[in-house]
Structure formats: structure tokens, C-alpha cells
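Biologist: Could we go through this model together? I would like to begin with its overall organisation and then turn to individual residues.

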Amino acid sequence: MHINGASVPARSGATFPTTDPSTGRHIADVPRGDSVDVDHAVQAAADAAIEWQFSDAITRAGLLRRLGALVSENADELARIESIDSGHYLGKARELVDAMPLWLEYWAGAADKVGGRTIAVPGNKISFTLLEPLGVTAHIIPWNYPLLILVRSVAPALALGNTCVVKPAEDTSLSALKFAELVQEAGFPDGVFNVVTGYGAEAGAALAAHPEVRGITFTGSTETGREIARLGGQHIAQVNLELGGKSPLVVFPDAPLEDAVEVAVQGFCSRAGQVCVAGSRLFLHEDIADQFLEMLVARLRTAVIGDPFDDNTQMGPLASQKHFDRVREYIEIGKQEATLLYGGGQPEHAASAGFFVEPTVFVDVPKDARIAREEIFGPVTAVMRWSSVEDLIATINDSDYGLFAVLWCQDITSALDTAKRLQVGSVMINDWFGELPMTPHGGHKQSGTGREEGLEAVHGYTQVKHIGINLDRSPAKASNWAGAPL
Ligand code: NAD
């Protein structure tokens, strides 16, 4: 682990194994942190916060830029670690690592530009706000994009003067530990950035419950998010939750079908569907549905699934045995509820060892089917046909989730009218989700609270202090709001 500037084992000495999901092979043992280690890390972060919170924004920005340069210099190693530990195929892992400096640069640039506001109050007074750091922030990370989700959350926290304790997912701890080495090399003071590895119910829960943690950013399942909100609520921590989704990808009758098919495939197959914004509900207008499905199946037949280290691979394995079993269970449920059009099994050549699942398409899916309502987090999509926009919007909104939607539509009026009426945190029109540091990401309803990325994320890592000054030197003139003497 990485605590107070040093690489340390768990104080108990315990470890747990981590495996390569493309072969099921054991690759390393990771320290099994518990509440004792969490307390050690939070104390280090709290001590470091005393000076860090008042450090110059320019100094913090310089450190973030240096870290960005080190990420670029070490991109190959970071990508290989991410690939072997999480199952991202190497080309994609490299693309994600190459993007990380964008987040560090963006927040380095924001560090000295974010501020409070002045307020027009009655009387001869000045009133203004300061945006102050929270102090110690906790960052609980999932396994689907371990490095990108880590950087998108710690970059604003550090830029705005907070210290961090990161708890990576137990299946994918290795890249966070390498990242911590780079933070150290960049010159961040000891204790400003810490990583505690371990299980969610032990290290994660202890971190969320720690009374000195003032802010918690959690990305993961809605179920765990509820527990984190409860734990953080006990000591009134500020909680940002980036949770699950059941995102619709809607194809309108005027859509250019080749492009829409390609995006639909990205939508549920990218990262083997283990993406919070996965387009796992595919709504096809009935005028184009038959043709679309024919093209979709033809495209899926060309998808290359297999070894993450092979340059031709387009889709790797699921991240763990446990998750593999869960996705396969959903496929069995789907076979009961709907018609299997494509996939449903394991690709023959890849079935021997790793956790691979074929892209899987169900059609004739009733809107109340479990595969149409629950997040599967695998390469599985539920196809529904539509003809009336009113019914389409009602069906999409009839969901506990509200993270994201894609509309493939040339008629901009229809597209914008639909976008406005969907209960989701973001809508892309004629485009796929391209995560960027400058655009806010987060959910409505049970997909989350708060925003990651964009200047909206500032609110998740700061607290407001109001300062008022009476410019009349006579206290008698400092009237209270009611004008009463006492
Ligand atoms: P998860 O909730 O099982 O785990 C996420 C993290 O929480 C892990 O680090 C885990 O160790 C920790 N954790 C588990 N139980 C805990 C507890 N009781 N207390 C504290 N920490 C605990 O989620 P996952 O299965 O790793 O990730 C998949 C989920 O994440 C999906 O639902 C997906 O939609 C969601 N996700 C959302 C976004 C987004 O930005 N909205 C991005 C990626 C993933």
C-alpha cells in the first residue's frame, strides 16, 4: 500500500491474491488492508492537510503537471499493468493511460481559477464567499476503469487543496499502486496521496465510516452506493455517488444505419459491456428495426474477442470469475424472458481459461423483463421496437436509473425535444460517450448524486465559507436583519 509517502504492507501482514482475467492465472498478492491501515492512512492525510490546504494553487498545479508528464513517461508500464490485472485489451488500456494527463492538466489549469463570489448585500458592507477544501477525501474506485476513474476523482481533489485516501477495487489494485509511486516521484508531500488496498466490506467500509474523512467519492454499484451514503451520513461527510445505469441507445428512422450500428456495438461491447454508460437498452424504430438487426448481427460476426495482449483484439474478458458467473446467469434469465438473436455463450477459441462472453443480443424483450430493467454489466443488449415518441420517452424514463442516453437522429428538433424530456444526467446526439475532463458526468435518480468532471465537480471537493464585513466603524450601524435592538 502507499501510506504517508512509503510503500507498506498491511499491519496485520495479510494479503489476498489477484488474477489475470484472460487466463484465470494468479499474478500477485496484494496487502489486505483493514480498519487499522485505513486509520493510519487517514491520520497521515489529516496531518498533511494542515499545510496542503493552504498551499499555493500554483504549486499544486505544478505538481499535477509533473505527475501528468510522469504518467506519459510510464504509459507503457501503466497500460500493461492495467491490462493484465483488469482485462482491458492492451490497445484500449494504452489509449486510456494516454488520456490521463488531460485530467491532470485540466485540474492543474483550474487550480488558480476556481473561487467564490461577491454578494450584493444591503448597507455599507462587503460580502463574499471562499471555496475551501474539505480536508481528507476518500476515493473508492471500481474495477472497470481503475486508472481513469482514479485520476478523474483525485485530480480535482488535489488541485483544490484536499488530501486523498484511495481504495481501489480488490480485483484491480495494481495500477493504483504504480500510480502512487509516480505521485511520490512528482514531489507531492508525504501523506497528501495514500492508497489502501483491501476488500470493500473491510477497507472500503472503514474508510467511508472514518469520522475524519470529510468527503467521499464513490464510483460503483447503486447497492454499494446506498451503503456508502449511510456510512458517510453518520459523520455528515459530503458524498458524491457515481452509480450504475441502464442506458438507452435510440435509433430514429432517419438515422444513417451504418454509423448507428457501429455505435450500438460500442455501446454494449466496449470493455465487454462493463461500462456504467453501456447502451444496454437498444430502442429501434420499427421502420428500420429489421434492417438494423441484420446489419448488427453481421457486424458482431466480425468482432475479435480474445487475448488482451493481441493487437487485433477488440473485446477482452470480463474482470473476474464472480462477475463472469453473474453475467452468465443474466443470459439464462434472458433466454426465459425474450428471444436470443445472437451470442449467449462463450467464444469457442477463448473458452478454455479466461472469463470471456460472446456479444449477446436479445430481441422481443418485454419492457418489464429483468434484462430490460437491471444492470447486467456485460456484453448483453435488450432490443425493443418503438413507433411513438411519447411511448418511447415513457418507457425510457420508467427506470430506477438515469445516467446516460444516446440518440441517433438527423432531425435536430426531434433529437433535442427527446433529450430535454429524458430523466438522465447526459445525452449524446449522433455521438458515443467520449469521457472528457471538461464535461460534467453523473446521474439522475439512482444513478448518483454530484458530478465528476467539468467545473461542476468543484462542488464535490470544496465547501463554502461566507465572510461579511461591515464598513461602517460604528457598531450601532451594524443593524441585524430585523432592525430590532436585541
Ligand atoms: P462495487 O460497488 O461492487 O465496488 C466498487 C468499490 O466499492 C470497490 O472498490 C469495492 O471494494 C468497494 N466496496 C464494496 N463494498 C463496499 C462497502 N460495503 N463499503 C465500502 N466500499 C465498498 O462496484 P463494482 O462492481 O466494482 O463496479 C461496477 C459498478 O460501478 C456498476 O454498477 C457500474 O455501473 C458502476 N460504475 C459507475 C460509473 C459512473 O461513473 N457512474 C463508472 C464506473 C462504474
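**Discussion of the model**

Modeller: Ile236 lies in the loop between helix H8 (222–234) and strand S11 (238–242). Please keep in mind that this is a predicted model.

Biologist: What is the phi of Ile236?

Modeller: Phi of Ile236 is near 50°, a positive value in a residue that is not glycine.

Biologist: And is Ile236 buried or exposed?

Modeller: Ile236 counts as exposed, because its relative accessibility of 66% is over the 50% cut-off.

Biologist: What about Asn4, and where is it placed?

Modeller: Asn4 sits in the loop between strand S1 (2–3) and strand S2 (6–7). Its phi is also positive, about 55°, although Asn4 is not a glycine. Asn4 has a relative accessible area of 39% and is therefore partly exposed.

Biologist: Let us turn to the overall layout. Which domains does the assignment give?

Modeller: The domain assignment gives domain 1, made of 2–242 + 454–467, and domain 2, made of 248–429. The contact between them takes 17 residues from domain 1 and 22 residues from domain 2.

Biologist: How far apart are the C-alpha centres of the two domains?

Modeller: The C-alpha centres of domain 1 and domain 2 are 31 Å apart.

Biologist: How much area do domain 1 and domain 2 bury between them?

Modeller: They bury about 1,700 Å², and 60% of that area is on carbon and sulfur atoms. On the side of domain 1 that touches domain 2, helix H3 (residues 75–86) supplies the largest share, with 4 residues. That side of domain 1 divides into 6 nonpolar, 9 polar and 2 charged residues.

Biologist: How accessible is Asp76? And how accessible is Arg94?

Modeller: Asp76 has 40% relative accessibility and counts as partly exposed. Arg94 is likewise partly exposed, at 33%.

Biologist: Could you give me another pair? What is the N to O distance between Lys113 and Asp112?

Modeller: The side chains of Lys113 and Asp112 meet in a salt bridge at 2.8 Å, N to O. Lys113 counts as exposed, at 62% relative accessibility, whereas Asp112 counts as partly exposed, at 43%.

Biologist: Which residue forms a salt bridge with Glu374?

Modeller: The partner of Glu374 is Arg370, and their closest N and O atoms are 2.8 Å apart. Glu374 is partly exposed, at 25% relative accessibility, and Arg370 is partly exposed as well, with a relative accessible area of 37%.

Biologist: Now for the interior. Where does Leu296 lie, and is it buried or exposed?

Modeller: Leu296 lies in helix H10. Leu296 is buried, because its relative accessible area is 0%, and the cut-off for buried is under 20%.

Biologist: Which residues does Leu296 touch?

Modeller: Leaving out residues up to four places away in sequence, Leu296 touches Val261, Ala264, Val265, Phe268, Leu282 and Val361.

Biologist: Is Thr313 buried or exposed, and which residues does it touch?

Modeller: Thr313 is buried, with a relative accessible area of 4%. Not counting residues up to four places away in sequence, Thr313 touches Tyr89, Val304, Gly306 and Asp307.

Key:
Residues are numbered from 1 along each chain as its sequence is written. This is a predicted model: local features need pLDDT of at least 70, side-chain atom pairs count only at pLDDT 80 or more; totals for chains, interfaces and linings use all residues. Side-chain values use heavy atoms; hydrogens and water are left out. Domain bounds come from an automatic or database domain assignment. Contact means heavy atoms within 4.5 Å. Buried area is the accessible area (1.4 Å probe) that two parts lose on being put together, summed over both. Helices (H or I, at least four residues) and strands (E, at least two) are DSSP runs, numbered from the N terminus. Ala, Val, Leu, Ile, Met, Phe, Trp, Tyr, Cys and Pro count as nonpolar, Asp, Glu, Lys and Arg as charged, and the others, Gly among them, as polar. Buried means under 20% relative accessible area, exposed over 50%, partly exposed in between (1.4 Å probe, protein chains only). A salt bridge is a side-chain nitrogen of Lys or Arg within 4 Å of a carboxyl oxygen of Asp or Glu.
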